[in-house]
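Me: Could you take a close look with me at one part of this model? I would like a connected walk through it, with the cut-offs spelled out.

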Amino acid sequence: MNADDCWSDPIHGDGPRVLVVLDGSLASLAALRVAVTEARRRHAHLQAIRVLPGVGALPGLPDGHEFFARLREGVWASLREALGRVPADIDISTAVARGAGPALVAMAGGEDDLLVLGGGEGRLLRRWRSAAVSRYCVTHARCPVLTDVGTSPS
């Protein structure tokens, strides 16, 4: 992943991070709740990420393009939807990334990071894609990965 593959709010300070992927599904909102709890427990920064499928998604759009600002605002809306409000007691930033698995592994590069992924739900293709991303992250990430958080068997 290079600098053109991720658009992010600034992260203040170093230290542990909890990264959570949000796609609007119930599973991702459950993962967000787990990630907030983990961020509090670890005294970590929470980074909520909206992933665009495909490494080549939207090539050439500059970092400041309003499309990415709207996607990041959607992540803030997901925070409010899942939690009732944006927590004031933890440091939170949002990001938009391309390429699902590889982008997430690159973002969660620190050994003291934690990557939290909700389970797939809905249509077969979406469940398959979610499982593939989870497998990629578990196999390649340098940090611990929590998968299928808050999901129940169908």
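Predicted model: local features only at pLDDT ≥ 70, side-chain atom pairs only at ≥ 80, totals over all residues.

At what angle do helix 1 and helix 2 pack, and how far apart are their axes?

Reply: Happy to. A word on the ground rules first: residues are numbered from 1 along each chain as its sequence is written.

Now to your pair. Helix 1 (residues 26-42) packs against helix 2 at an angle of about 85°, and their axes are 9 Å apart. That makes helix 1 roughly perpendicular to helix 2, a label for angles of 65 to 115 degrees. The axes are lines fitted to C-alpha atoms over the stretch in contact, with angles running from 0 to 180 degrees between N-to-C directions. Helix 1 brings Leu29, Leu32, Arg33 and Val36 to the contact, and helix 2 brings Ser78, Leu79, Glu81, Ala82 and Leu83; contact here means heavy atoms within 4.5 Å. Helices are DSSP runs of H or I with at least four residues, strands are runs of E with at least two, and both are numbered from the N terminus.

Helix 2 itself covers residues 66-83, and its 18 residues reach 26 Å from the first C-alpha to the last, close to the 26 Å expected at 1.5 Å a residue. That expected span is 1.5 Å times one less than the number of residues. Its buried residues are Phe68, Leu71, Arg72, Val75, Ser78, Leu79 and Ala82. They lie on the same side of helix 2 because they cover an arc of only 105° around the axis, taken from the directions from the axis to the C-beta atoms. On the other side, Glu66, Arg70 and Glu81 are exposed. Buried means under 20% relative accessible area, exposed over 50%, and partly exposed in between, using a 1.4 Å probe and protein chains only.

Helix 2 is followed by Gly84, whose phi is positive, near 90°. His43 sits in the loop between helix 1 and strand 3 (45-52). The phi of His43 is near 55°, a positive value in a residue other than glycine. Most residues other than glycine have a negative phi. His43 is also exposed, with a relative accessible area of 71%.

How values were computed. Heavy atoms only, no water. Parallel < 35°, antiparallel > 145°, perpendicular 65-115°, else oblique.
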